[in-house]
2 protein chains.
Amino acid sequence: MQWGYAPFLYFVAVLGLEAAMQKECRIIEALQNKLTYRQRLQYMKHYFPINYTVNVQFEEVLKAANITRLRDQNVSELSLRYLWLSVNSQVLLKIWAVLLERHPSWEYTQDLCHLFEQLAEEYENYNQGNVDANVQGVVEQVLTGDAGSSQKAVPPKALLDNCVKVMWLLYSESCK
Amino acid sequence: MQWGYAPFLYFVAVLGLEAAMQKECRIIEALQNKLTYRQRLQYMKHYFPINYTVNVQFEEVLKAANITRLRDQNVSELSLRYLWLSVNSQVLLKIWAVLLERHPSWEYTQDLCHLFEQLAEEYENYNQGNVDANVQGVVEQVLTGDAGSSQKAVPPKALLDNCVKVMWLLYSESCK
């Protein structure tokens, strides 16, 4: 490669990343619109039996405090977003798996699953290979459903509350 | 009392019982209309999470086979109806208790509870004191939630399926 091309390629790469971020932000906006308090209350609390819980892995309970701790350990924002995206994709699939197609929360949960799928595609296209090794380990454990991981019974609304709080922490600055 | 009144009082009593049976049949008809297969499927299966169960006492799982066995032991039809009514009133209250007011099965379950209340009132007015002692014992255990009774986890639809099958056994002849 001739050195004369380098600034041009850098410029193209930056443009590509910016376009990717814009697309990511559009998906985040769609998620925000679907994850309002009113909708979480309706679809994840009112439409479930009282005290109903979903079994998730310990690592799938990803709270704002976990993000703060990981930031203190200098884990990159990219890695944190990948963690949040991977964990919540799994969490939503687990909630979806307990619903029959005619359950009034089925379509809502399906829509959320699809938005997370779109986000995962965006991620795959632009950010592969830049993930912190520890985060990658946790994500693999979550994805493979490692039998060694302890389980937790958590109400579906509490899982989506965590999802929203962490989303706000990770995207409120970059997707204003 | 003069003996001359006796046939007249008997006649009045028979008329009263017939009127009561007609009222009972009207409530049974309303229950039948609310407990169709389609509605049980929708409100008690589709609108609940997959594999969801309600904890009931062993005696609250009242199946057609139990009725056949009790009939073989010459338990009166009146006692069997009282047993069915008491058991299913409790079962419905237990299902209702796991639902928030905005759950899509809440109103349906409430309506069924009210119909069973009406049936209990009818029963109280006309049939008190004629119940088989063994049946009375079981009903008291069910009503007091006797801690000694073993518990069973049963899907809500299975509980209402039992309710409907036994209703048919007990009323299909007398409420044609």
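What volume does the second largest pocket have? The second largest pocket has a volume of about 280 Å³. A pocket here is found on a 1 Å grid over the protein atoms alone, as an open set of points where a 1.4 Å probe fits, with protein on both sides within 12 Å along at least five of seven lines. The volume is the space filled by probe spheres set on the points, which are joined across faces, edges and corners.

Before I continue, please note that this is a predicted model, in which local features need pLDDT of at least 70 and side-chain atom pairs count only at pLDDT 80 or more, while totals for chains, interfaces and linings use all residues. Residues are numbered from 1 along each chain as its sequence is written, chains are lettered from A and ligands numbered from 1 in the order in which they are written, and side-chain values use heavy atoms, leaving out hydrogens and water.

Let me return to the second largest pocket. Its lining has 14 residues (those with an atom within 4 Å of a point), and A:Glu59, A:Leu62, A:Asn66, A:Arg69 and A:Val138 lie nearest its centre. Two or more lining residues come from each of α3 (64–72) and α6 (133–144) of chain A; helices are DSSP runs of H or I with at least four residues, numbered from the N terminus.

The largest pocket holds about 360 Å³ of space. It is lined by 17 residues, and B:Leu62, B:Asn66, B:Arg69, B:Leu70 and B:Val138 are the closest to its centre. In chain B, α3 (64–72), α4 (77–97) and α6 (133–144) each supply at least two residues of this lining.

I turn now to the two chains. Chain B can be laid on chain A with an RMSD of 0.0 Å by a turn of 180 degrees and a shift of 0.0 Å along the axis, which is the relation of a two-fold axis. The superposition is by least squares on the C-alpha atoms of residues with pLDDT of at least 70 in both copies. In chain B, the residue closest to the rotation axis is B:Phe48, at 3.4 Å (C-alpha).

Finally, the aromatic rings. Over all chains there are 15 aromatic pairs, meaning rings of Phe, Tyr and Trp (its six-membered ring) with centres within 6.5 Å; planes under 30 degrees apart are stacked, over 60 edge-to-face and the rest tilted. One of them is the tilted pair of A:Trp96 and A:Trp106, with 5.5 Å centre to centre and 40 degrees between the planes. Ring pairs also link A:Phe48, A:Tyr52, B:Phe48 and B:Tyr52 into a cluster.
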